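Please keep the structure open beside you as you read.

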Amino acid sequence: MAELPGIEVATQALPEGRYRATESELRKSYATTSFRSLLLDEWVVATEFLRSNVPLCSAWIGGSFLTSKPNPGDIDSIYFVDEQYLAGLTEDQHRALGLFAKPGAVKSVLDLRIDSYIVPWRANATTARDTPELRTYYENRGYWDDLWSKQRSGPNGATPVRLDSHPRRGYVEVILDGYDQTGPFHVS
């Protein structure tokens with residue numbers, strides 16, 4: 001894979017776009033201090049906990065971890081879960097998934113600085129019939145892509161300006177279990 005780009009001087013963030021990287025490439029490019037390395041370690045722990053309960057297609061990582069901020073407060077992570085696995089989960093698996101879907105729960109329950117969200121991934125062809133479920137999937141995926149491409153121009157709570165609606169920063173996609181999973185999933 002190509003090396004991840006550095007932080008842009010103008011935005012102090014990853015340049016606009018979605019970049020695919022492995023966890024080790026992310027570590028090499030953005031876990032540049034002991035604090036940042038510890039934060040990425042927490043993401044790995046959280047991710048492995050979730051993966052022990054349900055297979056994960058991928059994770060998108062964004063937020064202040066991909067900026068020049070020396071000590072980011074957390075790592076923002078969206079986990080894509082193939083919807084074929086959601087109907088057959090046990091109660092414990094549902095509880096684990098719910099923990100990652102509820103804002104702030106991973107921080108308060110697992111004491112890990114991860115702000116996480118879950119998006120059910122829907123397999124579909126480019127010629128798929130337009131259905132309400134497919135529209136919902138595209139809306140969810142598009143919402144996060146649009147949100148994570150934007151950047152506030154001022155400090156927290158600043159009044160938004162038109163520039164805040166422009167795509168100005170990027171995020172990283174880490175493929176975990178992949179999108180081509182087949183068959184039942186069983187936790188060992």
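Aspartate 111 lies in the loop between H4 and E4; here helices (H or I, at least four residues) and strands (E, at least two) are DSSP runs, numbered from the N terminus. Its phi is near 55°, a positive value in a residue other than glycine. Most residues other than glycine have a negative phi. Is aspartate 111 buried or exposed? Aspartate 111 counts as exposed because its relative accessibility is 64%, where buried means under 20% relative accessible area, exposed over 50%, and partly exposed in between (1.4 Å probe, protein chains only).

A word on the ground rules: this is a predicted model, in which local features need pLDDT of at least 70 and side-chain atom pairs count only at pLDDT 80 or more, while totals for chains, interfaces and linings use all residues. Residues are numbered from 1 along each chain as its sequence is written, and side-chain values use heavy atoms, with hydrogens and water left out.

Now for the chain as a whole. It holds five helices and five strands, and from the N terminus on the elements run β-α-α-β-β-α-α-β-α-β. Of its 188 residues, 41% count as buried. Taking contacts (heavy atoms within 4.5 Å) with a separation of 6 or more, 66% are between residues 24 or more positions apart.

What lies inside? In soluble globular proteins, nonpolar side chains tend to be buried together. A nonpolar core is a set of buried Ala, Val, Leu, Ile, Met, Phe, Trp, Tyr and Cys residues joined through side-chain atoms within 4.5 Å. The largest one here has 33 residues, and Leu26, Trp43 and Tyr79 have the most contacts inside it. Helix H1 (23–30), H2, E2, E3, H3, helix H4 (105–110), strand E4 (114–121) and strand E5 (170–175) each supply at least two residues of this core, with the largest share, five residues, coming from H2. A second, separate core of twelve residues includes Cys57, Val119, Leu134 and Trp148.

Next, look at the loop between strand E2 (58–62) and strand E3 (75–82), where you will find aspartate 74. Aspartate 74 counts as buried because its relative accessibility is 11%. Its side chain is joined to that of lysine 107 by a polar contact of 2.6 Å. Such a contact is a pair of N or O atoms within 3.5 Å; within protein, one must be able to donate a hydrogen and the other to accept it, and residues adjacent in sequence count only if both atoms are side-chain atoms. Leaving aside neighbours within four places in sequence, aspartate 74 also touches other residues, including Leu39, Phe65 and Arg113.

Proline 70 is found in the loop between E2 and E3 too, but proline 70 counts as exposed, at 56% relative accessibility. Beyond its neighbours within four places in sequence, proline 70 is in contact with Thr33, Phe35 and Arg36. The C-alpha atoms of proline 70 and arginine 36, 34 residues apart along the chain, are separated by 7.9 Å.

Finally, visit the segment after E5, the place of glutamine 181. Glutamine 181 is buried, with a relative accessible area of 12%. Apart from neighbours within four places in sequence, glutamine 181 contacts Pro55, Leu56, Cys57, Gln84 and Tyr85.
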